[in-house]
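Here are some friendly notes to read alongside the model. Take them one point at a time, and keep the 3D view open as you go.

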Amino acid sequence: MTAAGAISVPLWISTSTPPTKIIAFNNKLRICYPVKLSRNGSYPLSTFEKNGQYEQSFTLKVASSSSVGSTEEPATKVKFQRSLSLPGCSTSLSLLGTGYREKVFAIIGIKVYAAGLYVNDSVFSRLDAWRGRSAAEIQQDPSLFNNIFEANLEKSLLIVLVRDIDGKTFWDALDEAISPRIKSPTADDKSALSTFRDVFQGKPLKKETSIFLTWIDPTKMLVSLSFDGMPSSVDATIESTDVASALFDVFLGGDPVSPTLKASVAKGLEAALK
């Protein structure tokens, strides 16, 4: 196994007239190609003739399955699948960007979680006005992010913890960011926040716990927790435009809790809107 997670497999290459195939030869793999080299041709030193065929030893590197179809958040090394199918969503969602959340304790920055934003690809058709813009321009334009939020299309924030934390502490930190963004909470807003809080109360959230915050539309969110991969169900439904909007602003507004996530999303948008 290589450092990059690739697998080195010894093979024999043979040039012969049968169709290309992989077979076993002297306990090693061999690929046979449908072409035959001239005996007078020049070959690498590692090539030799055996049984009327020309064979060459080489090493094939095959990517490990864990690295296929994923993107690594560089600061935390958390891998995010490039596409997700989530409970309650009508279609799969595509990864747009990743980042991390850091809290400062006694002047020391401690990474708490990695985060990835997923969107319905149909949202790009609503963003023609921003085609050709740079990531820096996109990042500073609140109207673009408002347009994404207001689109009646699913989007999801996946949070992956990189350390153990109890549910109450996680909620308190999230609520500390959400509540100030709701200037005059209604009874529905307070009820939605209570439902949101109950998802995390009394739960020990271990490292690698996944938290899925999915906007079905601007008025409705789904919350799912998973302790071993993808969620199989929805843990709570949050029905409040104010709460849904405030949460989106926490991560993608003018003062995001994860600047790295917003910057990465801006780069993803730049690439998608070329």
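In which loop is Glu208 found? Find that residue in the view, then compare with point 1.

1. Glu208 sits in the loop that runs between β13 (204–205) and β14. Its phi is near 80 degrees, a positive value in a residue other than glycine. Glu208 counts as exposed because its relative accessible area is 58%, and exposed here means over 50%. Please keep in mind that this is a predicted model.

2. Lys77 also deserves a look. Its phi is near 65 degrees, again a positive value in a residue that is not glycine. You will find Lys77 in the loop between β6 (70–73) and β7 (78–81). With a relative accessibility of 53%, Lys77 counts as exposed.

3. Now step back to the whole chain. The protein has 6 helices and 16 strands. Of its 274 residues, 43% count as buried. The accessible surface comes to about 14400 Å², and 51% of that belongs to carbon and sulfur atoms. Take the contacts between residues at least 6 apart in sequence: 59% of them join residues at least 24 apart.

4. Next, look at a pair of helices. The axes of α3 (residues 167–178) and α5 (residues 241–252) come within 9 Å and cross at roughly 95 degrees. That angle makes α3 roughly perpendicular to α5, because angles of 65 to 115 degrees are classed that way. On the α3 side, Leu174, Ala177 and Ile178 take part, and they meet Ala246, Leu247, Val250 and Phe251 in α5. Sorted by class, this contact has 7 nonpolar residues, with no polar and no charged ones.

5. What lies inside? The largest nonpolar core has 56 residues, and those with the most contacts within it are Ile159, Phe170, Phe196, Phe200, Phe251 and Leu269. Helix α5 gives the most to this core, with 8 residues. A second, separate core has 15 residues, including Val78, Ala114, Val162 and Leu222.

6. Leaving aside residues up to four places away in sequence, Ile159 touches several others, among them Tyr113, Phe170, Thr209, Leu213 and Phe251.

7. Finally, visit helix α2 (residues 142–150). Leu144, Phe145, Asn147, Ile148 and Phe149 are buried there. Which elements cover the buried residues of α2? The cover includes α1 (135–139), β11 (155–161), β14 (210–217), α5 and α6 (259–272).

Definitions and conventions:
Residues are numbered from 1 along each chain as its sequence is written. This is a predicted model: local features need pLDDT of at least 70, side-chain atom pairs count only at pLDDT 80 or more; totals for chains, interfaces and linings use all residues. Side-chain values use heavy atoms; hydrogens and water are left out. Helices (H or I, at least four residues) and strands (E, at least two) are DSSP runs, numbered from the N terminus. Buried means under 20% relative accessible area, exposed over 50%, partly exposed in between (1.4 Å probe, protein chains only). Contact means heavy atoms within 4.5 Å. Accessible areas come from the Shrake-Rupley method with a 1.4 Å probe; for residues, only the protein chains shown count as cover. Axes are lines fitted to C-alpha atoms, for helices over the stretch in contact, and angles run from 0 to 180 degrees between N-to-C directions. Angles under 35 degrees count as roughly parallel, over 145 as roughly antiparallel, 65 to 115 as roughly perpendicular and the rest as oblique. Ala, Val, Leu, Ile, Met, Phe, Trp, Tyr, Cys and Pro count as nonpolar, Asp, Glu, Lys and Arg as charged, and the others, Gly among them, as polar. A nonpolar core is a set of buried Ala, Val, Leu, Ile, Met, Phe, Trp, Tyr and Cys residues joined through side-chain atoms within 4.5 Å.
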